[in-house]
Amino acid sequence: TGFLAIQLAKVLGAKRVITAASGLGLQMVRALGADVVVDYRSEELFDAVPDDSIDIVYDNFGKPGTADRAMRTIRKGGLFLLLTGELKGDLSKHPKPGVRQARFEAMDPSEGQASIDTLARLFDA
């Protein structure tokens, strides 16, 4: 899902896409449009990003504690979007004022356009 998020962000007008990868994935995400790629085996993603520099964090991995580590990097008015996975990550227990959080657990294909509209509202809000 991360490779799709990079492409969606670019299509939706993101000026700068930052992501983490390792090994062969480093080149792949660059080829898909990522502007900054952090090798997560040698550096923590949010240590490589300045405070108040990100509009949207899309967490498709769900490692516990990620939302709390990301908070300092998200601008006021920004969004932390969690795609819940097997790791059972959660939203921040200490959200930064002015930063919204949302958990997106699943899209039900039987809902058709309604599921897509729900996702669009998360990005538009």
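This is a predicted model: local features need pLDDT of at least 70, side-chain atom pairs count only at pLDDT 80 or more; totals for chains, interfaces and linings use all residues.
Residues are numbered from 1 along each chain as its sequence is written, and side-chain values use heavy atoms, with hydrogens and water left out.

Thr19 has a relative accessible area of 17%, so this residue is buried (under 20% relative accessible area; exposed is over 50% and partly exposed in between, with a 1.4 Å probe and protein chains only). Setting aside neighbours within four places in sequence, Thr19 is in contact (heavy atoms within 4.5 Å) with Ile6, Val29, Ala34, Val36, Val37, Val38 and Leu45.

Move on to Ser22, in the loop between strand 1 and helix 2 (25-31). Ser22 is buried too, because its relative accessible area is 12%. Apart from neighbours within four places in sequence, its contacts are Asp39, Tyr40 and Arg41.

Now for the nonpolar cores, each a set of buried Ala, Val, Leu, Ile, Met, Phe, Trp, Tyr and Cys residues joined through side-chain atoms within 4.5 Å. The largest has 14 residues, and Phe46, Val57, Ala70, Met71, Ile74 and Phe80 touch the most other members. Strand 3 (54-59), helix 3 (66-70) and strand 4 (74-83) each give this core at least two residues, with the largest share, three residues, coming from strand 4. A second, separate core of seven residues includes Ile6, Val29, Ala34 and Val37.

Notes
Helices (H or I, at least four residues) and strands (E, at least two) are DSSP runs, numbered from the N terminus.
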